[in-house]
Amino acid sequence: MTGRILLYGATGYTGRLIAEAAAKRGIDMLAAGRDAAGVAAVAGPLGLPHAAASLDDAAGLDRLLEGIAVVLHVAGPFSATSRPMVEACLRKGVHYLDITGEISVFEHCAALSERAKAAGIMLMPGVGFDVVPSDCLAAHMRNRLPDARSLRLAMSGLANMSRGTAKTSIEQIAKGTMVRRGGKLVEINGVPRDEIDFGKGPKPSIGISWGDVATAFHTTGIPDIEVFFESTPELSRMLGLPKAVRKLLGTAPAQYLLKQAVNLMPPGPDETVRRTASAILLGEAANAAGTRLRSRLTVIEPYALTVETALLIAGKVAGGDVRPGYATPGGAYGADLILEIPGCAREDLNS
């Protein structure tokens, strides 16, 4: 027997995709968000029950969580929205999942681990493309090289993004690049660059402040971690701006204007892209003796994958398969979790 899943943020691009998939599969889900009319417009045609509560209404959130086993929180930007929902989950003894890729959210939830254990709940941010496939790949690299001291994760095939993801990226524009060094989060000046072969020859790649800089350390214990993306023209231009310009773009007026421009974008990749595109992730681990191992993971299109991994993990949690406290996907469910998703495959490139 499984408990009910609360989907908070059902009116957003990813929320709609998850709601549609849950309805088709007969999953016991309550669709929710802050706007009752908007949620009803999404959930009603799907036949899903629905409710509304604002994140700044603690009593309303507590009522919303009555009878809920697990919250799947998909309302970003998570740096602004996750804390009130996490606190509600701690008060009500409800497991918490989200699809963030934001380092600050991961670290905040990790700091709440003991409170979560005392409440008997699991806090697992990052159950979408951020960071399930990469976290599982990190766990696989640790399994292959248990004494690894460094880990590099690299990703290709991320040219399409939703408005929400674009706005989150804009919030990071004035900041340096986050890496792990000696187990600690460090912000470095400048943008690391390299040529990385994802399978069809070396491609220009750029260091990114991605969620795995936080999560992979909790999953593997590897002290030195960095993440790279295959560069796109847009990414290269944005990260190649002078530091003074990026700082200016981080001011409140500039952020407002940039986010207004994002609202003119399509909501996210269309159905054809979600059905046909894919992404590639590379993991490279090295130990102090100089042994270096690489593995490659091919996955379905990132937003399609987010629907699948979020519902897979929410189903496990609703069914009672939980690790109280802060947890990561690969840490809680193992390196092979990602292989439960059809269309995902992993290969070791050397031994």
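Within the chain, 72% of the contacts with a separation of 6 or more are between residues 24 or more positions apart, contact meaning heavy atoms within 4.5 Å. This is a predicted model, in which local features need pLDDT of at least 70 and side-chain atom pairs count only at pLDDT 80 or more, while totals for chains, interfaces and linings use all residues. Residues are numbered from 1 along each chain as its sequence is written, and side-chain values use heavy atoms, with hydrogens and water left out.

**Overall make-up**

- Of the 351 residues, 50% count as buried; buried means under 20% relative accessible area, exposed over 50% and partly exposed in between, with a 1.4 Å probe and protein chains only.

**Salt bridges**

- The whole structure holds 17 salt bridges, each defined as a side-chain nitrogen of Lys or Arg within 4 Å of a carboxyl oxygen of Asp or Glu.
- One of these salt bridges joins K117 and E114, whose closest N and O atoms are 3.5 Å apart. The two residues are three apart in helix α6 (residues 113-119), and so about one helical turn separates them.
- K117 is partly exposed, with a relative accessible area of 44%, whereas E114 counts as exposed at 56%.
- D336 and R346 also form a salt bridge, with their closest N and O atoms 2.9 Å apart. This pair links distant parts of the chain, 10 residues apart: D336 is in the loop between α15 (329-333) and β16 (345-348), and R346 is in strand β16.
- D336 counts as partly exposed at 43% relative accessibility, and R346 counts as partly exposed at 26%.

**The network around R152**

- A network of salt bridges links R152, R181, D194 and E226.
- E226 lies in strand β12 (residues 224-230) and R181 in strand β8 (residues 177-181), so the pair ties together parts that are 45 residues apart in sequence.
- R181 is partly exposed, its relative accessible area being 37%.
- R152 belongs to strand β7 (residues 148-156).
- The side chains of R152 and D194 make a polar contact of 2.8 Å; such a contact is a pair of N or O atoms within 3.5 Å, and within protein one must be able to donate a hydrogen and the other to accept it, with residues adjacent in sequence counting only if both atoms are side-chain atoms.
- Apart from neighbours within four places in sequence, R152 is in contact with D194, I196, E226, F228, L282, G283 and E284.

**Helix packing and burial**

- The axes of helix α1 (residues 13-25) and helix α14 (residues 302-318) come within 10 Å and cross at roughly 55 degrees. The residues in contact are Y13, T14, L17, I18, A21, A22 and R25 of α1, together with Y303, T306, V307, E308, A310 and L311 of α14.
- The axes are lines fitted to C-alpha atoms, for helices over the stretch in contact, and angles run from 0 to 180 degrees between N-to-C directions.
- Helix α9 (residues 212-220) is largely enclosed by the rest of the structure, because seven of its nine residues are buried. The buried residues are D212, V213, A214, T215, A216, T219 and T220.
- G221 follows α9 and has a positive phi, near 75 degrees.

**Cis peptide bonds**

- Most peptide bonds are trans.
- G76 and P77 are joined by a cis peptide bond with omega of about -5 degrees, and P77 lies in the loop between β4 (68-73) and α4 (78-92).
- D130 and V131 are also joined by a cis peptide bond, with omega of about 5 degrees; V131 is in the loop between β6 (122-124) and α7 (132-144).

- I68 is located in strand β4 and counts as buried at 8% relative accessibility.
- I68 and L30 are 38 residues apart in sequence, and their C-alpha atoms are 8.6 Å apart in space.
- Leaving out neighbours within four places in sequence, I68 is in contact with R4, L6, L30 and V94.

Definitions and conventions
Helices (H or I, at least four residues) and strands (E, at least two) are DSSP runs, numbered from the N terminus.
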